[in-house]
Amino acid sequence: MSNFVVRRLLSVIPIALIVLVTVFLLLHIGPGDAAALIAGENATPDQIESIRERLFLDRPLYEQLFIYLSSVVRFDLGQSVYSGFPVVDLILQRVEPTAMLALSTLILSVLIAVPMGVWGAWRAGSTVDTLLIVASVVGFSVPVFVIGYVLVDVFALRLGWLPVQGYKPLSTGLLNCLRSITLPSITLAFLFSALVARITRATMLEVLAEDYIRTARAKGAGNSRILLVHALKNIGVPVVTVIGTSFAALLGGVVITESVFNIPGMGRLTVDAIQTRDYPVVQGVLIVFSFVLIAVNLLVDLSYALFDPRVRQ
């Protein structure tokens, strides 16, 4: 088990390095002068030259890469071209809304999707199972922004139960915070829970067809014991894996959802930075999102040590 953990931890190093180099090259692979693109059409030559010097674009590429990597190691992601504030400070200001939205969506999706998937597999071929399949297809197919606008129209504009947009920080109270992210969380949960429910159902069907399940039935085990004791514990690895691997889709949905509901999170920061051609901010957000995905997938890999007895040997 210790060797497994060490290998997984060491595998993070080359992945992180590849991510950093890729994000760095995004500024250089586009056509034209990067400094001129950032400055805009109406910029003077002096302004373009100032941006080129601030971003070290007047240095050789290998020197730029060294400066970039050494700055990231020191948690220095540069300064915003648009506002002049450090990128790290801008990101830290936006972390809480995004973290609360992603966490609430994850919890809501798991609480809904896992029981639905298990129940659909247990009642395979029934009306409940058919409705689950239809709901999963719809939830996975309809764009996130469409679901968001429909929920806003029904629950915010017509019924007036929830706010249309905005975010209340935790400092204003937990209930106010949860109320402000209820509609965004439900919007994202449509997509995420649909995927988790489908994988849970498919995995549970495979488990229920195993020999040890038939043996348990032959020994007279009741349905509840078969489901909770023998079957449920064996779907842990696939379900945790799909939650981790689909976390990228969740972060992508966060960008769209924060724009729809005007939530001042990292997704909204990304959109604003792209619109203003603020490349240091775009690079900083990409690094943070990439490292979050690396960390989530690392936790998924390490969770095998808990669910898979072969790893514990």
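Gly 244 is a buried residue, since its relative accessibility is 3%, where buried means under 20% relative accessible area, exposed means over 50% and partly exposed lies in between, for a 1.4 Å probe and with protein chains only. The structure is a predicted model, in which local features need pLDDT of at least 70 and side-chain atom pairs count only at pLDDT 80 or more, while totals for chains, interfaces and linings use all residues. Residues are numbered from 1 along each chain as its sequence is written, and side-chain values rest on heavy atoms, with hydrogens and water left out. Gly 244 belongs to helix H12, which covers residues 236–245; helices are DSSP runs of H or I with at least four residues, numbered from the N terminus. Although 54 residues separate Gly 244 from Leu 298 in sequence, the C-alpha atoms of Gly 244 and Leu 298 are 8.8 Å apart in space.

Rolling a probe the size of a water molecule over the atoms shows where empty space is left. On a 1 Å grid over the protein atoms alone, a cavity is a set of points where a 1.4 Å probe fits but cannot get out, whereas a pocket is an open set with protein on both sides within 12 Å along at least five of seven lines, and lining residues have an atom within 4 Å of a point. Points are joined across faces, edges and corners, and volume is the space filled by probe spheres set on them.

The largest pocket holds about 440 Å³ of space, and of the 19 residues in its lining, those closest to the centre are Arg 54, Leu 55, Phe 56, Leu 77 and Gly 78. At least two lining residues of the largest pocket come from each of helix H4 (61–73) and helix H15 (279–307), and H4 makes the greatest contribution to this lining, with 5 residues. By residue class, the lining of the largest pocket comprises 10 nonpolar, 7 polar and 2 charged residues, with Ala, Val, Leu, Ile, Met, Phe, Trp, Tyr, Cys and Pro taken as nonpolar, Asp, Glu, Lys and Arg as charged, and the others, Gly among them, as polar.

The model contains 1 cavity of 30 Å³ or more, and the space in the largest cavity amounts to about 40 Å³. Its lining is made up of Pro 163, Val 164, Gln 165, Gly 166, Arg 179, Ser 180, Thr 182, Leu 183, Pro 184 and Phe 261, which divide into 5 nonpolar, 4 polar and 1 charged. Helices H8 and H9 (182–208) each provide at least two residues of the lining of the largest cavity, and H9 gives the most, with 3 residues.

Two loop residues other than glycine have a positive phi, as follows. Most residues other than glycine have a negative phi. Phe 75, however, has a positive phi near 60°; Phe 75 is placed in the loop between H4 and helix H5 (87–122) and counts as exposed because its relative accessibility is 69%. Asn 262 likewise has a positive phi, near 55°, and is found in the loop that runs between helix H13 (247–260) and helix H14 (266–275), where its relative accessibility of 32% makes Asn 262 partly exposed.

Side chains of opposite charge can pair when their charged atoms come close. With a salt bridge taken as a side-chain nitrogen of Lys or Arg within 4 Å of a carboxyl oxygen of Asp or Glu, the count comes to 2 salt bridges. One of them joins the side chains of Arg 158 and Asp 153, at 2.8 Å from N to O; Arg 158 is exposed, at 63% relative accessibility, whereas Asp 153 is partly exposed, at 28%. Another joins Asp 272 and Arg 268, whose side chains meet at 3.5 Å from N to O. Because Asp 272 and Arg 268 lie 4 residues apart in helix H14, about one helical turn separates them. Both ends of this pair count as partly exposed, with relative accessibilities of 28% for Asp 272 and 24% for Arg 268.

Helix H7 (residues 144–158) supplies the largest share of the nonpolar patch, 5 residues. Leu 159 sits in the loop between H7 and helix H8 (174–180) and is partly exposed, at 42% relative accessibility.
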